[in-house]
Amino acid sequence: MNTALFTLYLGVFKRIARTAALSPFDAQERHRLGELYALYSPPTPASDLPEDPYKLPKTDILELAHLDKNLLLEGVNECGFGHVTEFEVKVISQLVNQLQPRRIFEIGTFQGRTTLNMALNSPADAQIVTLDLPPSELNQTQMQIEKTEEMYVKKTESGERFKGHPLASKITQVFGDSATYDYSPYHHQMDLVFIDGSHAYEYVLSDTKNALQLVRKGGTILWHDYTNWEGVRRALNDYYQSGNPVFRNLRHIGGTSIAVLTVS
Ligand SMILES: C[S@@+](CC[C@H](N)C(=O)[O-])C[C@H]1O[C@@H](n2cnc3c(N)ncnc32)[C@H](O)[C@@H]1O
């Protein structure tokens, strides 16, 4: 062992010994000891690591779109519960800007923040249909929605972000339960479908089946909340691992909770 390495190890040993001997009950020192341990302990063998819960291969926005710095964005900083993140609005807007979809269907309107930003970045003649569950139907849904998402349904208004906006004419708001809504007038017409309604496993399966009927060949489906809702993660993992070729190209967009599929 050369002298420099010996001196380094000696220094580390002295620090650990000092921290352990002098301040075993001091929280700050204990924290430092933990940090030193993590720094110098051998890496965890791959076999001991917990199983990766995300089964979708990753892509990223740089791979999916030529970035346009002149996106039109509104209300991106105003996020919070029920909204997509600031970065996610930008990613969705970049994708809309890249794909130039003329027909878009959104499941789950909420305040309409993503709806509006899709309207801002789609072609002038694009039409967006956005579906929301009215609070009056909360207890009559076909399947059980998650308890923790009821607050997004129980709101006094839906779509307030685009109401009265100059681009509101691009948006058609419809209401109903996504599991029983009659999508037939829109079948095979949609260039883009954004799924962000109920996050319960059964709903994600059902909304995905409906999205596959809505989208035209070559169209795109986006799902929100792949990384943060167990129901969405499990449903998309199951679809990806089912061996069904439709889902072969299902991907998770890195740095977001969004999953993407181009339907061939
Ligand atoms: C997380 S919010 C959607 C956020 C919105 N897409 C955005 O990007 O700002 C979920 C929305 O889905 C709606 N929703 C929940 N269950 C639904 C169902 N079964 N059918 C239709 N909409 C549903 C809720 O009312 C709520 O407005």
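Start by selecting strand E7 (residues 251-253) and E8: two bridges join these strands, which run antiparallel. Strands here are DSSP runs of at least two residues (E), helices are runs of at least four (H or I), and both are numbered from the N terminus; two strands pair if DSSP finds at least two bridges between them. Before you go on, note that this is a predicted model, in which local features need pLDDT of at least 70 and side-chain atom pairs count only at pLDDT 80 or more, while totals for chains, interfaces and linings use all residues. Residues are numbered from 1 along each chain as its sequence is written, and side-chain values use heavy atoms, leaving out hydrogens and water.

Now pick His-252, and you will find Ala-259 of E8 opposite. Follow the hairpin of E7 and E8 through the five residues between the strands, and stop at Gly-255, where phi is positive, near 80 degrees.

E6 pairs with E8 in the antiparallel sense over four bridges, and Leu-222 stands opposite Val-260 in E8.

Then select helix H8 (residues 230-241). Its end C-alpha atoms are 16 Å apart, which agrees with the 16 Å that twelve residues should span at 1.5 Å a residue; the expected span is 1.5 Å times one less than the number of residues. Which residues of H8 are buried? They are Gly-231, Val-232, Ala-235, Leu-236, Asn-237 and Tyr-239, where buried means under 20% relative accessible area (1.4 Å probe, protein chains only). These buried residues pack against helix H7 (201-214), strand E6 (215-223) and strand E8 (259-262), with contact meaning heavy atoms within 4.5 Å.

Move on to Ile-92 in helix H4 (residues 86-99). Ile-92 is buried, with a relative accessible area of 1%. Leaving aside residues up to four places away in sequence, Ile-92 touches Thr-114, Met-118, Phe-194, Leu-222 and Ile-258. Ile-92 and Phe-194 are 102 residues apart along the chain, yet their C-alpha atoms are separated by 9.4 Å.

A backbone N or O atom of Gly-108 lies 2.7 Å from a ligand nitrogen. The side chain of Thr-114 has an N or O atom 2.5 Å from a ligand oxygen, and a polar side-chain atom of Asp-177 lies 3.0 Å from a ligand nitrogen. Taken alone, the ligand exposes 610 Å², and the protein buries 98% of that (Shrake-Rupley method, 1.4 Å probe).

How values were computed:
Buried < 20%, exposed > 50% of the residue type's maximum accessible area, 1.4 Å probe, protein only. Polar contact = N/O pair within 3.5 Å; in protein donor to acceptor, adjacent residues only side chain to side chain.
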